Amino acid sequence: MFIPMLAINHLRCEYKVNPIGLDVKSPRLSWQLQSDQRNCVQSAYQIQLSLTDCHEQTVWDSGKVISDQSIHVELAGWEPQARTRYYYRIRVWDAAEEQSAWSAAAFFEMGLMDSKNAWQADWITSRPDEHDTACPRLRTTFELKQEVTCARIYVTALGLYELHLNNKRVGQDYFTPGWTSYGKRLQYRVYDVTDLLQAGGNILGAYLGDGWYKGHLGWKKEKRIFGDQAALLLELHVHYADGTVETLLSDGDWKTASSAICMSDIYMGETYDARLETDWTDNTSTRWSPVDVLEYTKDIIVAQENVPVTRVQELEPIALITTPQGDRVLDMGQNMVGWVKFNIEGEQGHTVELRHAEILDHEGNFYTENLRGAAQSIRYTLKGEGVESYEPHFTFQGFRYVKLIGFAESINLDDFRGVVLHSDMERTSDFQCSSPLVNQLHHNILWGQKGNFLDVPTDCPQRDERLGWTGDAQMFIRTASYLMNTGPFFTKWLRDLQADQGEDGGIPFFVPDLRSSTSEGWGDTSHSSAAWGDAAVICPWTIYEMYGDVRLLAEQYDSMKRWVHYIHEQGNNPYLWNTGFHFGDWLGLDSKPDSYIGATDKDFVATAFYAYSVSLVRKVAAVLGQGEDEAYYAKLHDHIVTAFREEFVTPAGKLAVPTQTAHVLALHFELLDAKARQRAIDQLGKLVADAGNHLTTGFVGTPYLNPVLSETGHHDLAYTLLFQEDYPSWLYQVTKGATTVWEHWDGIKEDGSLWSADMNSFNHYAYGAIGEWLYRYVAGIRSDEKSPGFHVVHIEPQPGPGLDWVEASLDTMYGRVGSSWYRRKNNEMEVHVTIPANVTGTVVLPGVSLQTVMEGGLPLHKVPHLQGVQTKESHVKIDLGSGSYHFTYKCVEESEPVTIK
Ligand code: RAM
């Protein structure tokens, strides 16, 4: 096949492939260059927009723009029209002025644009009745007058909706319109329904579910947190061949009826009576009554921001177990999030039930105590008409095991499938190494993300919690952003965080916040814990570093400033944070008995994060060109660091808080002077050694522990921690058969007993933050904050004891970065590196003398454009342009002197 030398592909608009329903004033385009040459950089680009995919009618042409920018390119100076689809194509020039062909056309389609004022439809609802948990149906019928060229539905709901047009489900997304801070922001979605319409009569209907809006939410057994009436808002715009447009609106003419979904609740599960199923067209056995029009604001409606939740994969059960207690239980082989779909045949009126659990207990029995108030139960009553297929609608379960109740004697595993649902983020990386246990850990981290990125980053997906805990999100965001493209996911969530931020700048414990609407409120201590509230700063900064998203920084800048200002105002010392409630080093192993809060002094944690957040806000000010702010935050940071040292470092330079987490934070956030820093480095090594080369850290210390050890000359110790298999360690749970990451280091104890059921999730991603270390240190793929989004990439593989090889890749916005290393016999190393086109970078080869480095079989100095430098640490640093490189060299023994060039 002929491959052109320079080509353009991977076209994205606002991170997305052909998005429909954008309400962005200047949409941003991203593309990737493909070249068979090394050192390919873009010198110019041209973008053309057209109303057709064959580009015969250009509506906007950027002309040739001299720029190397190929991600988030704003279509500046051009204004999109509402409800219009634009096709775009791109071509580029490289440094040698070689021109690519035009890319294939991609498109983006605008939404309502002025969503506040654009809605003509009414909110409609079914009359509340005593069957409050049942899911009503709403429907309308209409005639099409002539041939249709295209049709769109614009829709949202209070609660959740599932649309059907002419008896076919509309769209492939679930849990729509997603979970936002409902009182302040509600997303609408756009569907292209051209192909679902039919000539003549049509029927359009929706199921409404309680969802997060009015179902159970939070651990206080509360419901109706955001409202008590589910409702639908919908517009269908039909474009006819003669150029006219007809609009069908949700209004008082719609009809409502009950449905076969008798109960559906995020935590509780679903009750479905198939005997009550009727066709959308049925008028004989279904009693359709008029809907109510509901007065509810439309001012808060915004276009869909996140990628949708979809069915991402299906799992086959691996076994049917009969437990000692006699239960029949399916084993899905994986702790997963979604639901089970099944086929069943039986008598009319017979009810079966599926219960869901994450684990079996010590004796092998079905265990649900850790679910607390979440029933996770599916009940299905058969209609008795041959094989019936069923899956739930507005609920999801976190489970590996499924207890089957009321099913026939013989069970066929083929009748059951686990449907995995989560926000449909692009998978962006791979990591394999010579240790099967570490590979399983990586797998578990990935599944932690799958299970907990269902529209909102949640702490856990199974018990009566499933909330957007801010602390957990900031701990895991960098790992998450290696594993998948989280740009749109966090863009949406951060807008909710900003919406829920207090007037004083405080940040709720979880976002969306449940406080505002509850009767009792969530108490005084419901917001602004150190390391939790700092998500306001850490999350946008991480998205900036990983995807180069300056717009998000600009959008969140005010919120970040308000957060650090909030801290500044606490207590009577503006440079320390020593008041208020904090989760501290949550679940640290050095906690007092009966406490969840680790031993690290809470004021220490709070002040350390204060300093860190201010240091990031200073960087953001610099990126945004806010010079005065930058100077202000630099000064503020100096003051905090000084106060921190006075308070927490002895005059002799010893950290006054003697925990692993304290040392990790002080080092990672660079809070110490040179003398104290060295003491802290040494002391951290000692603290880990004193704990028998084990960690004692909780949620706050753990994410930074191995990165800090690797950065401070304790890299081998980081590997030692990684490879521990006994409690407490990452691999302990792997050896216990975990398929996701646990909330506690000892969720299941050595003797098989369990951590207290009141808080024992087996799918909590916080400790999965070690994933970042695997990519950033072990494989060594690092971004450069000065050229974010991996426009400059640094590859610094760091082999260590216990691994013979690693193969890793990361699909950045620019294309695939690869880093693999292999330890061969006789101290030989092989390092394979790939840098995508329009990216430059460096590779640092550890423990090597420059003279021995070969690339592609040639000594380095004979390879055109490659120059290595020997650094002090017996590393060789080589500047690289794009391309694939194959380095081989002989490792220098630690003791061997290296000549520095
Ligand atoms: C637990 C949550 C979460 C944590 C908070 C403090 O209930 O599961 O992980 O952030 O507590």
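Guide: By class, the ligand's shell holds 5 nonpolar, 1 polar and 5 charged residues, where Ala, Val, Leu, Ile, Met, Phe, Trp, Tyr, Cys and Pro count as nonpolar, Asp, Glu, Lys and Arg as charged, and the others, Gly among them, as polar. This is a predicted model, in which local features need pLDDT of at least 70 and side-chain atom pairs count only at pLDDT 80 or more, while totals for chains, interfaces and linings use all residues. Residues are numbered from 1 along each chain as its sequence is written, and side-chain values use heavy atoms, with hydrogens and water left out.

Visitor: Which residues surround the ligand?
Guide: A residue counts as near a molecule if one of its heavy atoms lies within 4 Å of it. On that basis the ligand is surrounded by D459, R463, E465, W469, D472, W532, F583, W586, F699, E743 and H764.

Visitor: How far is an oxygen atom of the ligand from an N or O atom in the side chain of H764, and what percentage of the ligand does the protein bury?
Guide: A polar contact here is a pair of N or O atoms within 3.5 Å. E465 places a polar side-chain atom 2.6 Å from a ligand oxygen, D472 likewise has a polar side-chain atom 2.6 Å from an oxygen atom of the ligand, and for the side chain of H764 the distance is 2.9 Å. The ligand taken alone exposes 290 Å², by the Shrake-Rupley method with a 1.4 Å probe, and the share of that area buried by the protein is 95%.

Visitor: Which strands form the open sheet, and in what order?
Guide: Strands are DSSP runs of E with at least two residues, and helices are runs of H or I with at least four, numbered from the N terminus; two strands pair if DSSP finds at least two bridges between them. Within the sheet, β11 (residues 137-144) and β16 (residues 200-209) pair in the antiparallel sense over 8 bridges, and F142 has N202 in β16 as its bridge partner. The pairing in this sheet of 6 strands is antiparallel, and the order is β14-β13-β16-β11-β19-β22.

Visitor: Where is P728, which is joined to Y727 by a cis peptide bond?
Guide: Most peptide bonds are trans. The bond between Y727 and P728 is cis, with omega about -5°. P728 has its place in the loop between α13 (715-723) and α14 (730-735).

Visitor: Why is the pair of W78 and Y86 classed as it is?
Guide: Rings of Phe, Tyr and Trp (its six-membered ring) pair if their centres lie within 6.5 Å, with planes under 30 degrees apart counted as stacked, over 60 as edge-to-face and the rest as tilted. By this rule the count comes to 70 aromatic pairs. The rings of W78 and Y86 have centres 4.8 Å apart and planes at 85°, so the pair is edge-to-face.

Methods. Polar contact = N/O pair within 3.5 Å; in protein donor to acceptor, adjacent residues only side chain to side chain.
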